[in-house]
Amino acid sequence: MRILHVTECYAGGVSRAINSIAENFDADHHLLYSGDDAPSNLFSSTDTLPTSIVSRIIAFKRAVNLIRPDIVHAHSSWAGLYTRLLPAQTPVIYEPHCFVFDDPRRPRLLKSVYRGMESLLSINTKITVALTAHEAKLAKSLRPGQKVMQLSNVPTISASDLAAVLSSVEKPGSQKPFTISMVGRVAPQKDPDFFAQVAEIASAAGQDWNFKWIGGADNADDENDLKHRGINVTGWLDKASLISALETSDVYFHSASYEGFPLSVLDAAAMDLPIIVRELACFEGFDLHKIGTPEAAYESLKSVEQSADFQAKLRNLARNLTEEMSVKNQQRELQSIYGEALS
């Protein structure tokens, strides 16, 4: 089976999700992309997307003619446009990695426009791949009879990764500040302002905590704004550095305002960290510790710092999550999705 993956955001969680599919499903994988990350060696061929929308659509058609894939797997919204704007003989699987129209911060009119575009493009979609029950519900609402199948995300940090990296990581001393980490792009979806508000509440309460944002921004001003508000911003890290950064964290706090299902939460679970997330639709049905306000986040973080029992409870929830979102489950689901696409 020959699969062509297409994405305009090969960076952060999306690139790690594509890599995990290529690693966990035995097929001939190819990649057409743009983004900050360098492609891994999991792909038989890689090519970059040009800059304009029209040239990207042409580049996609050219790649299909050259590679002749059995399946096109489009990742994220713009790739969904390039691959589905025109009817194609090759079946297109579309994985939005969260729908833009689900963003609670966007104006209602703009969300209606995005929903309308997704509805039209769904006509040329063989299968929409959803990461959660919430995302599946959104996909099914776009068009009657739309074929929707769910796919589990899996941690991108494996036991072998941990063994290779942690043997050389110097353990911090007992006097290190209590460290709260978040992984992701410094962008509105990840809501860095919410993260900074929690840091400011902690600072006002006299807490000498270290708030660490693991990731970077497209705009340096966005990173600088976080730094000015007392956040330690690492910039983009490779996997080994990511593991080291999480290893020196005491708790993982995911501040995003909407998601598909974040790989960073799964990676934090793989690192056996206590995890706190916001009350998001993507987490419905998952037993995680959820908060709704910056004040509630601060109180939960204080409980993690002060209570070993509370830490243990959150770690147990994280372990249950990694059992549910396993490689074995993902492989079974990919076999079903790709098999259905070829039927």
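Contact is taken here as heavy atoms within 4.5 Å, and helices (H or I, at least four residues) and strands (E, at least two) are DSSP runs numbered from the N terminus. The model is predicted, so that local features need pLDDT of at least 70 and side-chain atom pairs count only at pLDDT 80 or more, while totals for chains, interfaces and linings use all residues. Residues are numbered from 1 along each chain as its sequence is written, and side-chain values use heavy atoms, with hydrogens and water left out.

In helix 7, Phe194, Gln197, Val198, Ile201 and Ala202 meet Pro294, Glu295, Ala297, Tyr298 and Leu301 of helix 11. The residues of this contact comprise 8 nonpolar, 1 polar and 1 charged; Ala, Val, Leu, Ile, Met, Phe, Trp, Tyr, Cys and Pro count as nonpolar, Asp, Glu, Lys and Arg as charged, and the others, Gly among them, as polar. Helix 7 (residues 192-204) packs against helix 11 (residues 294-306) at an angle of about 60°, the axes lying 9 Å apart. Axes are lines fitted to C-alpha atoms, for helices over the stretch in contact, and angles run from 0 to 180 degrees between N-to-C directions.

An open sheet is formed by 7 strands in the order 3-2-1-4-5-6-7, with parallel pairing; two strands pair if DSSP finds at least two bridges between them. Strand 3 (45-48) and strand 7 (148-150) stand at the edges with a single partner strand each, so one side of each has no neighbour in the sheet. From one strand to the next, the twist averages 20°. Strand 1 (residues 2-7) pairs with strand 4 (residues 71-75) in the parallel sense over 5 bridges, and Leu4 stands opposite Val72 in strand 4.
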